[in-house]
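Work through the exercises below with the sequence and the structure open. Each task is followed by a solution in steps.

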Amino acid sequence: MTFQLLFAAEAGKLYIANAIWYLLCFAILLIAVKHYAWGPVSEMLAKRQQRIVEDLDTAAENRKKAEMLANEREAALKRSRQDAMKVLSDANVTAQRTSETIVSEANNQASTIRQQAKADASQAKADALSSARDEVADISVAIAEKVIAKNLSADDQKALVDQFIKGLSD
Amino acid sequence: MEKPIVFKLFGLPFDLVGILGSTLIALAVFLLCKWLAAKVELRPNKRQNVIEYLLEFTDNIVNTNVADKDARKHLSLYAFVLFLFILFMNQLGLFLELKVGDNMLLKSPTADPVTTMTFAMMTLLLSFTFGVQKFGTRGYLQNYARPVALLLPINLIEELTNFLTLSLRLYGNIFAGEVLLTLIGNQLAPSLGIPTLIIAAPLAIVWQGFSVFIGSIQAYVFVTLSMVYIGKKVAKE
C-alpha cells in the first residue's frame, strides 16, 4: 500500500479514483438515511395515510347512521303526531255524539215530562171539575133540602143538578 | 487555478478536496436527517414536518416521472438522498472554501466533473437495472429498437448523451459559479484598491445568492432528469 501526498499536483487533472470514494460514501449514506430517517418517516406517512382513509370511512359510515336515525326519529315523530291527531278527532267525534245523545235524551225526557204534566193537569182539571160537580150537587142538594125541606133521593138530586149545570154550560 | 492536494492509495491517485467535501456533506446530510427524524409520531412535530415536506417533494418528482409502481418505492429513497446530497454539495463551496497555502482543501465537490459523472453513471446503471428487472435482458435490449428498428443507433447514442448532459450540466453550473465568485473576490476586488473593493462586496453577495438559487435548481434538475431517464426505461413504449 502506498500512501503519499503528492503536493503541487497538476491542476485541472481528473482524479477518476475519487468516484470509488463517492460511490462508497453515497452507499453508506443511503443505508444510514434509510435506517434512521427515510424508513421511519415513510412508514409513518403510510400509516397516517391509512389512518386518514379509515377515519374518513368511519366518518362517512357514522354520518349515514346518523342520517338514518334522524329519518327514523322524524318518521316516529310524524307517526305519533298523526296518532295524536287521530285520538283528538276521535275524542271530538265521540264528544259530539255524546252531547247529541244527551241533548236528544234531555229533549225526549223534557217532552215526556211536559206531556205527563199536560196529562196530569187535564186529569186534575177533570178531577176537580167532577169533584166540584159532586160537591155542588151535594151542596145544592143540601140547600135544596133545606129550602124545600123535601126529601129527594140523592140520585134524583144529582140528575136534577146535572141538568142544571148542563143548562149553565150551554 | 488552485492546486489540489492529491494522495495515492493502492496506487490510485485520490483528490483530497473531493473526498473531504463529500464526506463532510454526507455526514451533514446524515446528521440533519437523523435530527429531523429523531422523534417520528403519527401527529407530526415541527422537525418531522420538515423532513416529511422534503420527502414529499422528492416523492413528487419520482411519482410524476415514473409510472411504474414497483420502481417508485426504491426510487423514493434514491431521489431523497441524491437530492439532499447534491443540494448540500452545491452549497458547500459558496460559504466555505478552505485553502492551505496554494492548495485547495475544501470546495463544492460538484464543481469537479468526476463527482457529477459518478452520480450520472449511478443513475445510468440504475436505469439499466430497472429496465432489465422489468422486461428481462432480452426485452430490455429489444426496447432499444423501439418504436422502429431505425432508431437503434439514436437510442444507443442517447444513453451516452444522457450521461454526459446530466453530469456536465451540474458540473458546469457549479464550477462556473465558483469561478466567478473567485474572480470577483481575488481579481476584481484588489485590482484598483478601495473603490473596486467597495464594488466587489455587494457583487459577491448578489452572486452568492444567485448561486444558492442555481445550486438548488440544479439539484432539482439532476434528480428530475434522473427520474425521467429511469422512468423511460421502465415504461412500455
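**Exercise 1.** In this predicted model, find the salt-bridge partner of B:Glu158 and state how far apart the closest N and O atoms are.

*Solution.* Step 1: the partner is B:Lys232, and the closest N and O atoms are 3.1 Å apart. Step 2: this distance is within the 4 Å cut-off for a salt bridge. Step 4: classify each residue by accessibility. B:Glu158 has a relative accessibility of 28% and is therefore partly exposed. B:Lys232, with a relative accessible area of 40%, is partly exposed too.

**Exercise 2.** Describe the salt bridge between B:Glu159 and B:Lys233, and decide whether these residues are buried or exposed.

*Solution.* Step 1: the two side chains meet at 2.6 Å, N to O. Step 2: B:Glu159 is in helix H5 of chain B and B:Lys233 in helix H6 of chain B, 74 residues apart. Step 3: both B:Glu159 and B:Lys233 are buried.

**Exercise 3.** State how many salt bridges the whole structure has, and locate the one formed by A:Arg48.

*Solution.* Step 1: the search over all chains gives three salt bridges. Step 2: A:Arg48 pairs with B:Glu52, with 2.9 Å between the closest N and O atoms. Step 3: this pair crosses between chains, from helix H1 (residues 18-148) of chain A to helix H2 (residues 46-65) of chain B. Step 4: buried means under 20% relative accessible area. A:Arg48 has 16% and so is buried; B:Glu52, at 5%, also counts as buried.

**Exercise 4.** Characterise helix H3 (residues 69-95) of chain B by its span, bend and burial.

*Solution.* Step 1: the 27 residues of H3(B) reach 40 Å from first C-alpha to last, close to the expected 39 Å. Step 2: H3(B) bends by about 35° at B:Leu75. Step 3: 20 of the 27 residues are buried, so H3(B) is mostly covered.

**Exercise 5.** Identify what kind of aromatic pair A:Phe26 and B:Phe85 form, and which cluster holds them.

*Solution.* Step 1: the structure holds twelve aromatic pairs over all chains. Step 2: A:Phe26 and B:Phe85 lie 5.8 Å apart, centre to centre, with 40° between the planes, and the pair is tilted. Step 3: A:Phe26 is in helix H1 of chain A and B:Phe85 in helix H3 of chain B, so the pair joins two chains. Step 4: both A:Phe26 and B:Phe85 are buried. Step 5: A:Phe26 and B:Phe85 form one aromatic cluster with B:Tyr78 and B:Phe119.

Key
Residues numbered from 1 in each chain as written. Chains lettered and ligands numbered in written order. Predicted model: local features only at pLDDT ≥ 70, side-chain atom pairs only at ≥ 80, totals over all residues. Heavy atoms only, no water. Helix = DSSP H or I, 4+ residues; strand = E, 2+ residues; numbered from the N terminus. Buried < 20%, exposed > 50% of the residue type's maximum accessible area, 1.4 Å probe, protein only. Expected span 1.5 Å × (residues − 1). Bend = angle between axes of the 7 residues up to and from the residue. Phe/Tyr/Trp six-rings, centres within 6.5 Å; stacked < 30°, edge-to-face > 60°.
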